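User: I have a chain open and want a quick walk through it. Can you take my questions as they come?

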Amino acid sequence: MREFIKNVLLVSIPSLIILIIMLEIILAFFMPLPSRPETIYDEQTNILKFNPESGSGTYTKGKFFQLRADWSINNEGWNSPIDYQPDSGKNLIAVIGDSYVEALQVDITKSYPNLLNEMLPDDQEVYAFGKSLYPLTQYLHVSRYVVEKYNPSTLVFTIVHNDFNESITGGTDDPRFRSLMTVTVNPDSTIIENDPVFTNFLDEKLNPGFVRSIIQKSRVQRYVRHYEYLGINLQRMFANMTESLSADEEEAEKEAPNFEANINPEEVFEMREQIELAVDYTIGKIREENPNKRIIFVMDAPREVIYDGNDVSTSGAYWLNDLMRETTEKYNMDFLNLAPWMQADYREHQTKFNSEVDSHWNEYGHQFVAETLYNYLTSEN
């Protein structure tokens, strides 16, 4: 027993430490691992965003790092190549959204808000306020901060299909959503706003302590922990080597939910009554609080059906596009439905709006959205 303990202390543990150090060096010089800006909870505004001190970095994804994009966090904690000023003296357009506006998947200058900014005249400017996880109700919350601090003339809300169920309490069990504004739909159809709170989960994540902080900075830890960001499925890799799947894996594949447009259409449709009430409340509030501003909702397409050659109307998620059109018409707002435009563009060019390793818009997608929105803003009809 003593010999065993001696071998562990003098051989095994030192060997493991040396191996980890060697892996850290190899990963540092030869493999660009995922780099993400630090998330913070701004207690003055109750908004989850990035730490302005995060600086810049490179986001990567894919087994062979096919997706590489540079990000940079500005003075106000948003991924943008420009700093934001409350009194810029320009006609301001504020773009609000989730990870599609955050746009870590493309270089900082290739996001659609920045591309739109470059297309517009010098007397106009575009500020982007985007963070992954944001649902539709959080857009209302962020718009209140944006209007108070920057007073934009135009508000552009970028809508994707998981914005709806995640806006409703109970729509997700993810504890991170407690740091975002959601709503509760009561049985009598009344709506209660749930203010965001700084959760214990976030406290542990954002204030990790000395030891946890060192572990989080380890490249080996990041590689193992974020292998899914790199597009590597270890079980699938093993299955490919053995040319067979286990019975458990085959059964899991059969039972996997049919996701489309980043939602399970059947589960979301079961929440239709609650979603309709929550959407009517949220959009009504945005209009009520901004009576003299131009408000535009830009909504993504269910792109899977487009790539399959089918009409967008056949998607199980497309009723959400119709819901947004009907509700924005009710409150006299602009609605730019990207679905028919994306469908027509794909049929002509056969170019996807997202990469093969990520469902977010790629450079082509962001360029397409920027040009479509620019044409919409400058069109007389």
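Predicted model: local features only at pLDDT ≥ 70, side-chain atom pairs only at ≥ 80, totals over all residues.

User: How many helices and strands are in the chain?

Analyst: The chain has 15 helices and 11 strands.

User: What share of the residues is buried?

Analyst: Of the 381 residues in the chain, 46% are buried. The accessible surface is about 19,900 Å². Carbon and sulfur atoms hold 50% of that surface.

User: And the contacts, what share joins residues at least 24 apart?

Analyst: That share is 69%, counted among contacts between residues at least 6 apart in sequence.

User: Back to Trp78. Which residue does it form a tilted aromatic pair with?

Analyst: The whole structure holds 17 aromatic pairs. In one of them, Trp78 pairs with Tyr145. The ring centres are 6.5 Å apart, and the planes make an angle of 35 degrees. Trp78 sits in the loop between β4 (67-72) and β5 (91-97), while Tyr145 belongs to helix α4 (residues 136-150). The pair links distant parts of the chain, 67 residues apart.

User: Is Tyr145 buried or exposed?

Analyst: Buried, because its relative accessible area is 8%, under the 20% cut-off.

User: Tell me about α4. Why call it largely enclosed?

Analyst: Because 11 of its 15 residues are buried. Among them are Leu136, Leu140, His141, Val142, Val146 and Tyr150. The end C-alpha atoms of α4 are 20 Å apart, which agrees with the 21 Å its 15 residues should span at 1.5 Å a residue.

User: What happens just after α4?

Analyst: Asn151 takes a positive phi of about 50 degrees there.

User: Let's go to the loop between β4 and β5 again. What does the side chain of Asn74 reach?

Analyst: Asn74 lies in that loop and is buried, with a relative accessible area of 3%. Its side chain reaches the backbone oxygen of Ile82 at 3.0 Å. A polar atom of the Asn74 side chain also lies 3.0 Å from the backbone nitrogen of Glu76.

User: Which residues is Asn74 in contact with, beyond its neighbours within four places?

Analyst: Asn74 contacts Pro52, Ser80, Ile82, Asp83 and Tyr84.

User: New topic. Where is Pro196?

Analyst: Pro196 is in the loop between β9 (191-194) and α5 (200-206). Pro196 is buried, at 6% relative accessible area. Leaving out neighbours within four places, Pro196 contacts Tyr41, Asn46, His141, Arg178, Ser179, Leu180 and Met181. His141 is one of the buried residues of α4.

User: Which side chain does Ser99 meet in a polar contact?

Analyst: That of His360, at 2.7 Å. Ser99 is found in helix α2 (residues 99-102) and counts as buried at 11% relative accessibility. Besides His360, Ser99 touches Gln105, Lys131 and Ser132, not counting residues up to four places away.

User: What about Gln66, where is its place?

Analyst: Gln66 is in the loop between β3 (56-61) and β4. Gln66 and Ser355 are 289 residues apart in sequence, yet their C-alpha atoms are 9.0 Å apart in space. Gln66 touches Lys61 and Val357, setting aside residues up to four places away.

User: Which ring does the charged end of Lys352 sit over?

Analyst: The ring of Tyr307, 4.9 Å from its centre.

User: Last one, α15. How many residues does it have, and what starts it?

Analyst: Helix α15 (residues 363-378) has 16 residues. It reaches 22 Å from first C-alpha to last, close to the 22 Å expected. At its start, a side-chain oxygen of Asn362 comes to within 3.1 Å of the backbone nitrogen of Tyr364.

User: Which residues of α15 are buried?

Analyst: Gly365, His366, Phe368, Val369, Ala370, Thr372, Leu373 and Leu377.

Conventions. Residues numbered from 1 in each chain as written. Heavy atoms only, no water. Helix = DSSP H or I, 4+ residues; strand = E, 2+ residues; numbered from the N terminus. Expected span 1.5 Å × (residues − 1). Buried < 20%, exposed > 50% of the residue type's maximum accessible area, 1.4 Å probe, protein only. Polar contact = N/O pair within 3.5 Å; in protein donor to acceptor, adjacent residues only side chain to side chain. Phe/Tyr/Trp six-rings, centres within 6.5 Å; stacked < 30°, edge-to-face > 60°. Lys NZ or Arg CZ within 6 Å of the ring centre and 35° of its normal. Contact = heavy atoms within 4.5 Å. Areas by Shrake-Rupley, 256 points an atom, 1.4 Å probe, with all protein chains shown as cover.
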